[in-house]
Each structure stands twice: as C-alpha cells, then as structure tokens.
Amino acid sequence: EYAVAVNTKLQFQGSGIAAISVVHNLDTLIEDIGLRSFDGRGEIYLTRQNGVTVCHSQSESAKFRYNLLSVLTQGSLQELKGSGMTIEESMAAGQEDAFLYDTKNGEPRYVVLTPVHFMGETLYLFNLVPQQAVNQTMDEYTRNISLLSGAVIFLTVFLFALFFRFLFFAS
C-alpha cells in the first residue's frame, strides 16, 4: 500500500482529503507489469535491501524464497563485471551487478540484480537465469549472425562477378 499526499480542498464525508492511498496485490506485481525472463525459464524476484522477497514471477521454475540472499549463500557467487564486490556490497552501494551462482547439485545460474528506487526505498529486481538458457540464446544469436554474414559475403561476391562480367562484355 502506498500513500501520496495531496493538497486539495475536496472533502469526503465531511473530512478533508490529505492523502490518496493505492493498494496493489504485490504477489502478482511482476506478472501484472509483464516481466518475463528468457521465455519463462528465468526467475524474477523483487526484494528489499535485506533480501526479503516482496514478490516473484509466477513460473514453474520460480519458487517462493522468503529471503533470496540466504538462498544465494548456499552456493558460490562469482562476480562477472570485474569489480570484485560481493552481492551484499553491490546492494549496499546501490549498484547493478551480475554474478554466476553455482551449487554443487544444481544448475549454474546467472544472477543479475538491478536497484529500483521507489518512494525513498531501494528495492532490488533479481533475474536468475539458468546458464544453459543464456548460452543457448547466445549460440542461436551467433549462428544467425554467421548465416547473415555468409549471405552478405556471397551476395557481395556475386554482385562483383556480375559487375566485372558486365564491364568485360561491354568493352
């Protein structure tokens, strides 16, 4: 629930209106704004600075975790941006960061955290994506770029051949 102060002379049932309150079901907030991660293969969490989950995506892979930071301490986190900061240090500094999370018995996941400043409070949007899903997407991108590059090279060679053939037969 959020309240916004207003300065108005309007009255409701004989009392002046000092604030307007907006209530939203936070359990479905991520779904309501349409956030999806890698076609539902990833998990999205909105947490407080201490890691307590405010809401999370509603997918098969996204399990409710009361405190996301406590879950992430059960494995190893490797910072990927090169700053050498821990996840707690990144959050305390209010910085966006990326980590590779690995457990001994689970699938490695990329963890991207983004600070969201809202009404004087800093919340964190966490995106947890299986490493395999990211790698598959990157492999598809690389394959598509390679095919496109090959087609452009072929077309260029073909056009040069036509140009020189036309130039040779014209003279």
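Predicted model: local features only at pLDDT ≥ 70, side-chain atom pairs only at ≥ 80, totals over all residues.
1. A salt bridge is a side-chain nitrogen of Lys or Arg within 4 Å of a carboxyl oxygen of Asp or Glu.

2. Are Glu 121 and Arg 48 buried, exposed or partly exposed? Glu 121 counts as partly exposed, at 32% relative accessibility. Arg 48 is also partly exposed, with a relative accessible area of 36%.

3. A salt bridge also links the side chains of Arg 109 and Glu 43, at 3.5 Å from N to O. Arg 109 is in strand E9 and Glu 43 in strand E5 (residues 43-47), so the pair connects parts that are 66 residues apart in sequence. The side chains of Arg 109 and Glu 43 are listed as a polar contact of 3.5 Å as well.

4. Buried means under 20% relative accessible area. Arg 109 has 17%, so Arg 109 counts as buried. Glu 43 is buried too, with a relative accessible area of 1%.

5. What else does Arg 109 contact, leaving aside its neighbours within four places in sequence? Besides Glu 43, the residues in contact with Arg 109 include Arg 41, Phe 99, Leu 100 and Tyr 101, as well as Leu 128, Val 129, Pro 130 and Gln 131. Strand E9, where Arg 109 lies, covers residues 109-118.

Definitions and conventions:
Residues numbered from 1 in each chain as written. Heavy atoms only, no water. Helix = DSSP H or I, 4+ residues; strand = E, 2+ residues; numbered from the N terminus. Polar contact = N/O pair within 3.5 Å; in protein donor to acceptor, adjacent residues only side chain to side chain. Contact = heavy atoms within 4.5 Å. Buried < 20%, exposed > 50% of the residue type's maximum accessible area, 1.4 Å probe, protein only.
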